[in-house]
Amino acid sequence: ATGTETISGNVVISAAGVTLQNTVITGDLLLAENIGDGDVHLKNVTVKGNTIVKGGGAHSIVLEDCNLPSITVSKDGVRVVASGNTSVETVRLESGAILVSVTTTGTGFDTVTISQIVPAEAAITLEGNFETVQVAAAGVQVELTGGTVANLSVAEEATQATINVAQNTTVTN
């Protein structure tokens, strides 16, 4: 509960209900498929490498006071919440997902890329403040449910993508 532990190398979380706190990981962090639709809470965690999300459900991955250079989400329907002093430079979505940035004093999710490999009809929900959102997947359904998107770009190959902007959401560019 106090102090900070440094783990050299990669870390795999493969069970639901895990809380990892006060940790620096010099390699990658994998939230594995074995988590299923369960929850994982990261509190005061810094990952020097990449964070890969392959498990979790609709209320599951909570990042509190975390510093992560990049997250790749490959689990349809997973919800990732940034809170407190959390900063995530880049998020790459490879599936449908929900990203929520609430009461963040850090940057929250800076750049979100909805990659070309996201299946058509996948649902993506973004709530909170985002610096850049890039849509490159064809036929996806993006919901901006509240907050601010400073830069929204839709690639030429994102044909038939639907972007719904809620009334309380601001897109500035």
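The side chains of Asp 37 and Lys 75 form a salt bridge, with 2.8 Å from N to O. The term salt bridge is used here for a side-chain nitrogen of Lys or Arg within 4 Å of a carboxyl oxygen of Asp or Glu. This pair links distant parts of the chain, 38 residues apart: Asp 37 lies in the loop between strand 4 (29-31) and strand 5 (40-47), and Lys 75 in the loop between strand 8 (67-73) and strand 9 (78-84). Strands (E, at least two residues) are DSSP runs, numbered from the N terminus.

The model is predicted, so local features need pLDDT of at least 70 and side-chain atom pairs count only at pLDDT 80 or more, while totals for chains, interfaces and linings use all residues. Residues are numbered from 1 along each chain as its sequence is written, and side-chain values use heavy atoms, with hydrogens and water left out.

Is Asp 37 buried or exposed? Asp 37 counts as exposed because its relative accessibility is 59%, whereas Lys 75 counts as buried because its value is 18%. The cut-offs are under 20% relative accessible area for buried and over 50% for exposed, with partly exposed in between (1.4 Å probe, protein chains only).

The structure holds two salt bridges. In the other, the side chains of Glu 94 and Arg 92 meet at 2.9 Å, N to O. Glu 94 is partly exposed at 24% relative accessibility, and Arg 92 is partly exposed at 35%.

The largest nonpolar core has 42 residues, and the members that touch the most others are Leu 42, Leu 63, Val 73, Leu 93, Leu 99, Phe 109 and Ile 114. Such a core is a set of buried Ala, Val, Leu, Ile, Met, Phe, Trp, Tyr and Cys residues joined through side-chain atoms within 4.5 Å. Strand 13 (residues 123-135) gives the most to this core, with five residues. Leaving out residues up to four places away in sequence, Leu 63 touches, among others, Leu 42, Ile 71, Val 88 and Phe 109; contact means heavy atoms within 4.5 Å.

Strand 13 also pairs with strand 14 (residues 141-154), in the parallel sense and over 12 bridges. Two strands count as paired if DSSP finds at least two bridges between them. Ile 124 has Val 142 in strand 14 as its bridge partner.

Strand 14 is joined in parallel to strand 15 (residues 162-165) by four bridges, with Glu 143 opposite Asn 164. Three bridges join strand 14 to strand 16 (residues 169-171), again parallel, and there Val 149 stands opposite Val 171.
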